Amino acid sequence: MIEIQEASVTYPNGVHALRNINLRVEKGEFVFLVGATGAGKSTLLKLITREVLPSDGKVIVAGRNVAELPPHEVPYYRRMMGVVFQDFGLLPNKTVWENVAFALRVLGLPRKEIRKRTANAIDLVGLLRRCDSFPAQLSGGEAQRVAIARAIANDPPLLLADEPTGNLDPDTSWDIMQLLSHINIRGTTVLVASHDKYVIDRMRKRVVMLDRGTIVSDVPCGVYTHEP
Amino acid sequence: MSATFRVGCTRMNLSHVEFLVEEALVNLRRNGLMTLAAIGTVALALAVFGGFGLILWRLEKLANSLPPKFAIDVFLKDNVSRQRAQELQKQFEKHPDIAQVTFKPKEQAWPEFQKALQQEITAALPYNPLPDSFVIQVKDPSRTGAVSAWLRSLPEVDAVRDAKEEVDIILSVATVVRWVGIGGTVLLLIATSIIIYNAIRLTVFARRREIRIMQLIGATSATIRTPFVLEGVVQGVLGAWIACGLIFAVSKLVSHFVMRKLVFIDSLGGSPMPVWVVFLALTILGAAIGGVVSTLSVRKYLQAV
């Protein structure tokens, strides 16, 4: 599904965010990317979303070299992945329903199809009763559920989450992680960047640890063992 | 797996157009304060620009309408017969620089002269001292001097009275007004565009995160840009309409309180610019500036990811 070969990223200000990264993620896997702030977790996700291009090496997703995608292909490439942010990234002027439906409307799907898929996605995250609420009226956990509903509404094969529990209390974090796990079981490949030790240790999933831009460990069924 | 690259429709269908228009309208309504601020800025900027244009237009009309009022008076010698005068009139009418020739016989000139002066003074005169004359209007005011010189050279002509100096002054004023007007209009148009660009850029800046989210969802650049451009056009047009209202209100007030007292100027000013010309010009200008500056504002953030 994802193959990163000898990839390095150097930002224009000279910061080496990633150095010679090699990572392979199979279809249907659930992977935690862990590490301290600045370790390169977010940059690694941005390589996959093509918000950042590798200065060196290759990023191959679904058989295509991401760096070689022509600009007009990029939107279509991104439709194969859902993205969840730490700060939820909901559109503040749209209701819960509109936020989820928006991801489908930009694709130009027929109205009937949009209604069906939006309802399914909101139902999956358990928020059908909050359809008409605006993001400012939701709790952090609810907002993150809406963001997840939006990310999976199009049923993408890949889900990327950047610190999805960073703003949430431990119980809500656990709920969100259970939701992501549920989505993974349905067949979606899930990559989560996180340093939420409590949740990671309980999940017992594959853990890839980054430190100052390099992968220092990659353990199946791992735990968060980062030591500064 | 590569089949998943093309999810959804790639061509613009009707429901997609409907979506883009709906997006623009909903955003305008829900970003109420930002929308009002942008419309207000557009309205004020266009009102100043349109008002300046209207004043210039009127000044130019005024300057152009003055020279024909300064005709050339040609007085004939006493011994010139009426038949010769008729021949001269035909000769004048053939002259390429002359627009109009009116023969004024002494019998007609005398009562006008008496009326213009005080009756007591003219009543003491035992006979009509005025000569036969022509009132000549030239086609191009700047040719007044040349035509006068030619008329003076004719043996039948006793005297020629023109307003060459006044005409020259008015013509140079008209030229200055025209160039200052063109320069001022261009500068004001640039200033107006910059002000509107800033106002609309602020509304886009406030929503730059939205643009990033839309990009990550997989929206094409056209899908992201179109609602912003439509919003810019709507803001530009609404601002232009408010500007039209302001301009007409102010010009009504001005003509009510000032022009009435300056009958001379008002009578020379010609007909006022038709309402629909101002309305149409500002509407098109507002829409164009709104559309172009939104496109430029969004482009910056579209390039970011």
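The expected span of a helix is 1.5 Å times one less than its number of residues. The exercises below apply this and related ideas to a predicted model.

**Exercise 1.** Work out what span helix H7 of chain B should have, and compare it with the distance between its end C-alpha atoms.

*Solution.* Helix H7 of chain B covers residues 164–205, which is 42 residues. At 1.5 Å a residue, the helix should therefore span 62 Å. The end C-alpha atoms are 60 Å apart, which agrees with that expectation. An α-helix has 3.6 residues a turn, so residues three or four places apart point the same way.

**Exercise 2.** Describe the open sheet of chain A, stating the order of its six strands and which of them are the edge strands.

*Solution.* The six strands follow the order E6-E7-E8-E3-E9-E10, and their pairing is mixed. The edge strands are E6 (81–84) and E10 (214–219) of chain A, each of which pairs on one side only. Neighbouring strands of the sheet are turned by 15° against each other on average, when direction is ignored. E6(A) pairs with E7(A), residues 158–162, in the parallel sense over four bridges, and A:Val84 stands opposite A:Ala161 in E7(A). Helix H1 of chain A (residues 41–49) lies across E3, E6, E7, E8 and E9 of chain A, and runs at about 150° to E7(A).

**Exercise 3.** Decide whether A:Phe88 and A:Asp155, two residues with positive phi, are buried or exposed.

*Solution.* Most residues other than glycine have a negative phi. A:Phe88 has a positive phi of about 70° and lies in the loop between E6 and helix H3 (96–105) of chain A. Buried means under 20% relative accessible area, so A:Phe88, at 15%, counts as buried. The phi of A:Asp155 is near 55°, and this residue lies in the loop between helix H5 (140–152) and E7 of chain A. Exposed means over 50%; because its relative accessible area is 53%, A:Asp155 is exposed.

**Exercise 4.** Characterise the interface between chain A and chain B by its contacts, its buried area and its salt bridges.

*Solution.* In terms of contacts, 38 residues of chain A meet 32 residues of chain B. The two chains bury about 3300 Å² between them, 57% of it on carbon and sulfur atoms. A:Tyr76, A:Asn93 and A:Arg105 supply 20% of the area that chain A buries against chain B, more than any other three residues. Four salt bridges are counted between the chains; B:Arg209 forms a salt bridge with A:Asp87, with the closest N and O atoms 2.6 Å apart.

Conventions:
Residues numbered from 1 in each chain as written. Chains lettered and ligands numbered in written order. Predicted model: local features only at pLDDT ≥ 70, side-chain atom pairs only at ≥ 80, totals over all residues. Heavy atoms only, no water. Helix = DSSP H or I, 4+ residues; strand = E, 2+ residues; numbered from the N terminus. Pairing = 2+ DSSP bridges. Axes fitted to C-alpha atoms, helices over the stretch in contact; angles between N-to-C directions. Contact = heavy atoms within 4.5 Å. Buried area = accessible area lost by both parts, 1.4 Å probe. Salt bridge = Lys/Arg side-chain N within 4 Å of Asp/Glu carboxyl O. Buried < 20%, exposed > 50% of the residue type's maximum accessible area, 1.4 Å probe, protein only.
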